[in-house]
Amino acid sequence: MKKRVFLDGLLYGIMALSLCGVIAVLGYILVYIFRQAAGSLSFGFIFRSAREGGILPMVVTTLYVVVVSIAISLPVGIGTAVFLTEYSGNSSLVRILRVAIETLAGIPSIIYGLFGLLMFCRFLGFGQSIIAGAFTLSIMILPVIIRTTEEALKSVPVSFREGSLSLGTTKSQTIFHVVLPSALGGIVTSAILAIGRVVGESAPVLLTVGLSRNIPRTVFESGRTLTIHLYYLTNEAVNPDDFGIAFATAGTLVMVVVAINTLTKILTRKFKNSQGDAS
Amino acid sequence: MNRKYADRFFQYFFRMVSLVSVLALGAILIFVFAQGLMPFVGATAPGIRLVVQNIGELAVNGRVYRNVPDSISLEEDARFISLRFPSGDAGEEVVDIEVNADERDARKRLVFARNPSAKVSYPEAYVVTLGWPGLMAGRDRKIHIILPEPPYSPVEFIGGMQWQPVRDKVFGVFPMIAGTVLASLGAIFLGVPVALLCALFMAEFLADRPAAFARGAIELLAGIPSVVYGFFGLMVIVPAVKNVFGIAAGNTLLSAVVVLALMILPTVITIAESSMRAVSLSLKEASLSLGASKMQTAWHITLFHAHSGVIAGIILGISRAVGETMAVILVAGNSPQLVFSPLESVRTLTATIAMEMGYASGRHSEMLFSIGVVLFIMILALNSLILRLRRGMDVV
C-alpha cells in the first residue's frame, strides 16, 4: 500500500512538473521577448517609417491584409454556417461540405501560399499584391470562421426560432432578425480568431504579398507584413541593429496575440452569460 | 407573395455561398496538382531556344533578325543551327551546329561543325553559351542555346539524393522528405509524452480554476505566430544547442525538433484533454469503487478510453509539424543533405518551397509545386486517418 502511495505521489509530481514546465516555457518566451524588446518598443517605433527604424509600413500592410481578407471571408463563412445549421438536412451536399471544411482546415499554410501564387498572382494577374494575399488568406481562415459561427448559431435556443416562426415570419426573416442577432457575440469571436490567424500567418504571405518595404497606397501593391518583416530581419539582414528591431517587431506581434486572446476570452464569457439570461 | 420568393431566394443564396468552400478546395487540388505534375509529363519547351545578348543583327537558319528579340524559338525538329552576324569591320561571325536529337547526354547533343570562333561554355545543364569578346568591356556578345529538358522521372524526383536546381538541374527530394519525417517524428517523441502528462493532469487532477488558467496559457501558446517561435528558437535554442554540444553551428535537426515539439504541444494537449474529459464518469467510478487509486484510474481507465482522441491529437500534431514552415527555416540550417545525426543541418520540404520560390523560374519553379504535391499527399493521408478515427469515436 505504501508503495502505491509513493508511486502515485511520484506520478502526480511528474505530471504537475510537466504542466508547470510548459507554462514556464510560455512565460519565458513572453518575458524574454518583452525584455529584449523593451529598449526599442514604443509608440514611436510603431508609427515611424522603415527608413527611420520603425515599422509603420508593415503595420499598414498587415491592417490592409486583415481588413480585406476578413471582408471577403466573413460573409462567406457566416453564409456557410447558416446553411449548415438552418437549412441542411443530412444531404450528400452537407457531407461533402463537412469533409471539404475539415480538409481545408488541415492543409498547411505553405500550400495555400502555392495556390495563391498560382491562382491569384499568376492566373488572375494580380501579381504579388495585398489583394492576392488577402484572397489566399480568406480561404485559409474560412474553416475557423465557419466552425466558430456554427457553434454560435447552434447555441441559439430552438425556442427563439419557434417563437419567431409562430409570429408568422418566414425562415429567412427569422434568420436575419432573430438567429443572427442572437449569435452576434459568437460571430464577432470568430472574426477576432480569424484576425489572429491572419496577423500571425507568414508562409503564404511571403509567397503572395511579397517583401516591398513601402507603405502601400492601394491593395494592388506589394507590401510586407509584420511577420514577414520579422522573418526578413532575422534570416536575411546582416545589420546588427536589425536584431533590436526584430525583437521589437516580435514584441508587437506577441502583444497583438495577447490582446486577441484576452478579447476572445472576455467576449466568450460575456456571450455565454447573455445566452444564460436569455434562455 | 413577395416574401415567399425572398425566402426561396435566400435558401438558394445560402446554399450557393456554402459551395465556396467546396469550390476552393477543388481549385486548390486542381491548381497545385496540375502545376506540380507538369515536370513529369512534358518537356520544358517544344524545341531549342536562343537567348541573345549584345548582338544587334543576327541570322538564324537563314532567317534574319534586325531587332533581335529576347528569345528565339527554333522549330521542334530543327537538325541544325546556323548562326551568322556581322562583326567588326565588314567581318562576319559564323557558327554551324549540328543537333543530334537522339543523344541523351545534353552536353554532347550539339556538335560544332568546325572549331567555332566563340568561346563555348556550359554555365548550367541544358544551356550552352557561345561568347565573343565585346567591342567594349562588359559588353560581351553572347548567344545562349537552351536545350529543352525532357520530362523528369518521378522515381528520380522522390528517390534522388541531389538537389541542385539551378546549375545541374537535378531535383532529388529524398533528403528533404527524410528531413521532414525526422523532424516531425522527433517533435512527436519529445512533445507527446509531455503533452499527455499535462492533458491527463488537467483533465483528472486540477480544480476548475487552475485548469482554466492552464487552458488559457495553452491557448496563448497556440496563438503565438510561428515566425516568433522561429525567432525565439534562433535566439535561445540554437545557441543553447551550440554550446551544449560544442558544435560550430547550432542550426540543426535537434533545434528544429525542439521548436516543433513546443509548437505541437497546444494541439496535442487541447485535443487529448477534451477527449479525456469526455470519458464517462461511471467508468471512473467503477474503477474507484474497485479500490483503484485515483492515479491508477487516470492511467488505466481515462487514458485507455480516451485513446482514439489521443491518437487523433497526435496525428494532428504530426500534420502540424509536417506543414510548419517559417519556424523551421529559421532554426534548421537548411542544407539539402541526408542527415545521419541530430546535430546536422537539415532542410524540410516546406522550407525548400518558401526559400526558393522567390528566385525560382521555369522547371525549378514547377518542381517547387511538385514538392507541394508531395507535402499535400502526406497531409491528405494524415487527415484521412484522423477522419477515420473520428468516425470510430462517434460510433463508440
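This is a predicted model: local features need pLDDT of at least 70, side-chain atom pairs count only at pLDDT 80 or more; totals for chains, interfaces and linings use all residues.
**Exercise 1. Find what the buried residues of α8(A) pack against.**

Step 1. The buried residues of α8(A) pack against α3 and α7 (158–166) of chain A. Here, two residues are in contact if their C-beta atoms, placed from the backbone, lie within 7 Å. Helices (H or I, at least four residues) and strands (E, at least two) are DSSP runs, numbered from the N terminus.

Step 2. Now name the residues: A:T174, A:I175 and A:S182 are buried in α8(A). They cover an arc of only 100 degrees around the axis, which puts them on the same side of α8(A). The arc is that of the directions from the helix axis to the C-beta atoms. A residue is buried if 20 or more other C-beta atoms lie within 10 Å of its own, exposed if 12 or fewer, and partly exposed in between, with C-beta atoms placed from the backbone.

Step 3. Turn to the other face. Away from the buried side, α8(A) carries the exposed residues A:H177 and A:P181.

Residues are numbered from 1 along each chain as its sequence is written, and chains are lettered from A and ligands numbered from 1 in the order in which they are written.

**Exercise 2. Check the length of α8(A) against its number of residues.**

Step 1. The expected span of a helix is 1.5 Å times one less than its number of residues.

Step 2. Helix α8 of chain A (residues 171–182) has twelve residues, so at 1.5 Å a residue it should span 16 Å.

Step 3. The end C-alpha atoms of this helix are 15 Å apart, which agrees.

**Exercise 3. Describe the surroundings of A:T62.**

Step 1. Locate the residue: A:T62 belongs to helix α3 (residues 56–87) of chain A.

Step 2. A:T62 counts as buried because it has 26 C-beta neighbours inside 10 Å.

Step 3. Leaving aside neighbours within four places in sequence, A:T62 touches A:V199, A:T225 and A:L226. The C-alpha atoms of A:T62 and A:V198 are separated by 8.4 Å, although these residues are 136 residues apart along the chain.

Step 4. Widen the view to the whole chain. Chain A has twelve helices and zero strands. Of its contacts between residues at least 6 apart in sequence, 76% join residues at least 24 apart. Of the 279 residues of chain A, 45% count as buried.

**Exercise 4. Work out which side of α8(B) is buried and what covers it.**

Step 1. The buried residues of α8(B) are B:M295, B:A298, B:I301 and B:T302. Their arc around the axis is only 165 degrees, which puts them on the same side of α8(B).

Step 2. The face turned away from that side carries the exposed residues B:H300 and B:F304.

Step 3. The cover comes from two chains: it includes α1 (2–37) of chain A, together with α3 (174–204), α6 (253–277) and α7 (281–289) of chain B.

Step 4. Look at the contact between the chains. It takes 65 residues from chain A and 64 residues from chain B. On the side of chain A that touches chain B, α1(A) gives the most, with 16 residues. By class, that side has 45 nonpolar, 15 polar and five charged residues. Ala, Val, Leu, Ile, Met, Phe, Trp, Tyr, Cys and Pro count as nonpolar, Asp, Glu, Lys and Arg as charged, and the others, Gly among them, as polar.
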